[in-house]
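Please look at the sequence and the structure shown here.

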Amino acid sequence: MTVWVETDLCDACKLCIKACPYGAIELKGGSAYILERCTSCGACLEVCPKAAVLTDFKPRQIPDFSDRKGVWVFAEQRGGKLTRVSLELLGKAQELAGELGQEVSAVLLGHQISDLTATLVEYGADTVYCMDHEALKHYRSNAYTKLIEELVNQYQPNIFLLGATHIGRDLAPRVSRRIAVGLTADCTELSIDSKEGILLQIRPAFGGNVMATIANRYSRPQMATVRPGVMEMHKKPGKGNVIEYKAVLFENEIKTRVLKVVKEKKKGIDLSEANVIIAGGRGVGDANGFDILRELAEVMDGQVAGTRVTVEEGWIPPENQVGQTGRTVRPEIYIACGISGAVQHRAGMMNSRYIIAINTDSRAPIFQVADWGIVADLFDVVPEMTRQLKEAKEKTFGI
Amino acid sequence: MDIIVLVKQVPNTTDVKLDEKTGSLIREGLESILNPDDRHALEAAVQLKEATKGHVTVVSMGPPQAIEVLTEAIGMGVDQGILLSDTAFAGADTWATSSTLGKAIQQIGKFDLIICGRQAIDGDTAQIGPQVADYLHVPQVTYVAEIDNIDEKSVIVKRRLEDGYEMVESELPALLTVISEINKPRYPDVGKMIAACHEDASIKTWNAADIGVTVHEVGLAGSLTHVIKTYVPKFKRQGEIIEGDTKAVVRELIQKLGRSEGSTACKAVAAACRLEAS
């Protein structure tokens, strides 16, 4: 199967080039040209206003899944405690189920966990499927997969969401393969397509450089894992229904054993994975100047970074450098302190979600890429910010 | 001990540049590399080979130029390479990819251990390992940070969790996905890499017919999920200068941050400061 362009019909509008997820179309001799990279996905066919893009690919029949009902959430618990992302997913599930006119169910596996069902109902589960078995004391892929397979086959859900945790990312692909359905990883947004009624799964791709919308048209349930912290929890008044599902499990079919579980404090994380980055430039003055940045980073659960100059001066280590020769970062909050914003530095941080610039020079180019700028001395602003956030945290959480 | 390592050639996504005018990705000149986590998988396999007098086969699915990463693997000490390459494999999602890799592994035959990197930097899905394990009906342990002990029957590994780790024992054969913490990969030996480029070298290429799959099971046609749209996230910068005395300025900034949408870090600020959404 191939895709080609009828050059007589093509008016070089470039819509297909924009639509191509694979960068496989370019303009050549005044019309669109399909490169070898093309995977025949058909995205260009749909957007061409002149119907100049043609294919011999016959579209696959989309099966009728109108009998599949229900939005399921995997209620992940560790040591009898529900993970926060499970409740966040219940919040999103209520929204999706509302649009579809369907119900929300939570799937809870573990040992001596029946007291968690009330919390799941409180946060939006109409039904909780609860499986209690001694062999489920610790999470194990084979045990969980077998039981979820049984449950899915019996109740035939439409959508099944799991948190993208170390457990969710181990379990979801195993389950998806077992029950022969597609799976989308690490979604940051979910919605229902109003025309087709399918789940639209949005996730970062290509190292976070693009966002992709993914559909799961050929199998049910539509499975996705969702990043923790993205969706919002919503309590829901009313009652829920708990269904105790009898788990039959034999130790010899599980094939793994958890020998021990050890809790450890987090070590310093990678800049590219940091949610908050407090970055310093020449304006920080010297190595000691970074101390106030570190204090702010600590209260905001972030990491400290620096520009090329600060690394060359030896104020911070090279692995903390942001910019074209350093790392490209994409945190949710980037606070640029005493950074003028050379083009190389901007290239390394301009995809951050929110950018704050603090600089005494109002003409510094960093202000052009900032959401909020403060024209002031960082040695006044940064400690004040640390102080206010600390005070608020102490008041709210008592720590 | 027979070990199979699954690797992928990926574009170096940390190096991606955007066309400032159109906002689209510049793909030309983007370097192709051996996926970083997979390098650790190779190192783990070669270390086990050295300790147990084992045999290591590296498998990759990709276009013909992906032979480069197999050559590199042989340079690290792997015994043989198999490249799964066919236009029919193109555009595969993880379902179709795991079918292809699973079929190929069945073709290879006996194995005690399969080792993969945790995830590839171009897709970041971390799905292939568990999906291949289920395809082959073998147990899996993901996020492996250390191989503590291994004998003919079982392996004991340290599995990394968000808040610590667990020690897991698994029967063999099994599949492990490893994280970078597990080892420091060696540099490939240039002599071995050059030898791998000879015609009679230990790298074979298999197509769809070689592994016995039809075009409907693999590639885009065999996929269950499809990308229906991609876009480059572009944020409208508010470009607002906050003025006033330090205390007031900071208070305003915190409020603005806390009321910003689409960020967990902002939500954390809002929660601490008890801000209501605007």
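Q: Which residues line the second largest cavity, and into what classes do they fall?
A: In this predicted model, where local features need pLDDT of at least 70, side-chain atom pairs count only at pLDDT 80 or more, and totals for chains, interfaces and linings use all residues, the lining of the second largest cavity includes C20(A), Y22(A), I34(A), C38(A), C41(A) and C44(A). Residues are numbered from 1 along each chain as its sequence is written, chains are lettered from A and ligands numbered from 1 in the order in which they are written, and side-chain values use heavy atoms, with hydrogens and water left out. A cavity is a set of points, on a 1 Å grid over the protein atoms alone, where a 1.4 Å probe fits but cannot get out, and its lining residues have an atom within 4 Å of a point. With Ala, Val, Leu, Ile, Met, Phe, Trp, Tyr, Cys and Pro counted as nonpolar, Asp, Glu, Lys and Arg as charged, and the others, Gly among them, as polar, the classes are eight nonpolar, three polar and no charged residues.

Q: Is C44(A) buried or exposed?
A: Buried means under 20% relative accessible area, exposed over 50%, and partly exposed in between, with a 1.4 Å probe and protein chains only. Because the relative accessible area of C44(A) is 8%, this residue is buried.

Q: Which strand gives the most to the lining of the largest cavity?
A: Strands are DSSP runs of E with at least two residues, and helices are runs of H or I with at least four, numbered from the N terminus. At least two lining residues each come from β17 (256-263) of chain A and from β9 (140-150) and β11 (164-171) of chain B. The most, three residues, come from β9(B).

Q: How many residues of helix α4 of chain B are buried?
A: This helix spans residues 128-135 and is mostly covered. Among what covers its buried residues are α6 (168-178) of chain A and α3 (94-108) of chain B.

Definitions and conventions. 1 Å grid on protein atoms, 1.4 Å probe; cavity = no way out; pocket = protein on both sides within 12 Å on 5 of 7 lines; lining within 4 Å. Contact = heavy atoms within 4.5 Å.
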